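Open the model in your viewer and keep the selection tool at hand. The stops below can be taken in order.

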Amino acid sequence: MVETREEIVEYLEVEGQKPLEGIVEISGAKNSALPDMAAVLLTDEEVILQNVPYLLDVYTMKDLLKHAGMEVEERDRGVFSFRLSGTPSPEAPYELVSKMRASILVLGPMLARFGRAKVSLPGGCSIGTRPVDLHLKAFEKMGAKIKVEHGYIHAYAPDGLKGAYIHFPKITVTGTENVLMAAVLSEGETVIKNAAKEPEVVDLAKMLKKMGADIQGEGTDTIRIKGVKRLNGTIHRIIPDRIEAGTFAVLSALTGGKIVIKNYPFEYLQFVDKVLKEIGVDVIPIGENQAVIKAGSLKPVEIETKEYPFFPTDLQAQFMAMLSVAEGRSKIRENIFENRFMHVPELKRLGADIQVKGRDAYIKGVKKLTGAQVKATDLRASASMVIAGLIAEGTTRIYDIYHLDRGYENIDQKLKLLGAKVRRGYEERTDL
Ligand code: EPZ
């Protein structure tokens, strides 16, 4: 007797080839909100964060902080206060960490502030194994005792962390952020060599300095931190999301170029705007931090993803959707993650002509894409499916849409305001 299982699956249905126009406002950056929220563990005073995006990952981080003993209050739209209330419990349980790998960011602050932490080892994710070995090695160099058993990282630094010379063999964004947050309360000086230079790292340093930390060199490959005894509270505004902004720049270029993008972080997207120009897409500043996109016929390019300030891996899938309908042959090399081409078979279902060989994707532009049922395979690939669906002929249904809600605030609303015909639907699926 075959066991059948009914399940309800959610999808986003997108009508293709509608010209989009209007204004879209870029939200606060997910990858800034997450480390900044982890940093509130470093003080027992109140911290207020503004421009916090309403994203699934942000809710998960809030749950993690509450679990650790923080009081989290929504003061106004996008404004949250955080304060340690009562006895802290420096733990991050599996059921929360398994939802969001960036939970590893609480390890550094917990270790530095409470001298111990029990954090579930983050599982892998679809874009790669995503190890955290470099984080753990750095904390051991700072004097922590680390044991990994039963899927948990047990870290102890009963006499506090000591400053150390940390040379990362490869650039790691959250690794740099984790060590930065641990170092600010460590005894003595910590030097981070081969540090990540992402704007989100620089802005975290800015927030920590407002809290009283002694940090130099953020934004370069060498960051020096002199430990202090304690940190004060602060008020800090989350920076705009450069990946969301880049996503809407691609979308505007493909749908008639009549979208005004508010809070466009030009300074963080210089390299991306240069690549857009090579493709034939101009990002034109108008007014205060606003951009309009002017696109001619789309030319082929070669792109390779690298650490900041070069082309971000988080925009790779979105640019691949655009190059699928550009003229000629383009090539994208993914240097950061070992498995970040899962959107390729999905784009091919929409009619794209792409061949993958190892770290390289070869894209041959086609006249048009045609709507189909596809699935979102990771957070940024989901945006690439939305872009492709909005330019394809006919209707596209995107499954596993929760990926999109992890990283794009109110995306349905923002698209509808631009004239897109999108709707969420549910379908019963019988799994035999
Ligand atoms: C951050 O992830 C971002 N997440 C990612 O954004 C982004 O794609 C990535 O940086 C690269 O820019 C957040 O900031 C929350 P890494 P992170 O450590 O820090 C290897 C999104 O879509 N590595 O810089 O986890 C790793 O496997 C997400 O918002 C180790 O080997 O990335 C990768 O190949 C996806 N050992 C490379 O380094 C370690 O201990 C870079 O990873 C750590 C990393």
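Begin with Asp 412, which counts as buried at 13% relative accessibility, since the limit for buried is under 20%. This is a predicted model. Arg 424 lies in strand S24 and Asp 412 in helix H14 (residues 411-417), so the pair ties together parts 12 residues apart in sequence. Arg 424 itself is partly exposed, at 24% relative accessible area.

Next, select Arg 423 and Glu 13. They form a salt bridge with the closest N and O atoms 3.2 Å apart. Arg 423 is in strand S24 (residues 422-431) and Glu 13 in strand S1 (residues 5-15), so this pair ties together parts 410 residues apart in sequence. The whole structure has 28 salt bridges.

Move on to helix H10 (residues 316-323) and helix H12 (residues 379-391). Their axes are 7 Å apart and meet at an angle of about 20°, so the two helices are roughly parallel. Their crossing is right-handed.

Finish with Leu 56, Tyr 59 and Tyr 402, which make a nonpolar surface patch of about 290 Å². Tyr 402 belongs to helix H13 (residues 402-407) and is partly exposed, with a relative accessible area of 46%.

How values were computed:
Residues numbered from 1 in each chain as written. Predicted model: local features only at pLDDT ≥ 70, side-chain atom pairs only at ≥ 80, totals over all residues. Heavy atoms only, no water. Patch = residues over 30% accessible without salt bridge, like charges linked within 9 Å, V, L, I, M, F, W, Y side chains within 5 Å. Areas by Shrake-Rupley, 256 points an atom, 1.4 Å probe, with all protein chains shown as cover. Salt bridge = Lys/Arg side-chain N within 4 Å of Asp/Glu carboxyl O. Helix = DSSP H or I, 4+ residues; strand = E, 2+ residues; numbered from the N terminus. Buried < 20%, exposed > 50% of the residue type's maximum accessible area, 1.4 Å probe, protein only. Axes fitted to C-alpha atoms, helices over the stretch in contact; angles between N-to-C directions. Parallel < 35°, antiparallel > 145°, perpendicular 65-115°, else oblique. Left-handed = near helix turned anticlockwise from the far one by under 90°.
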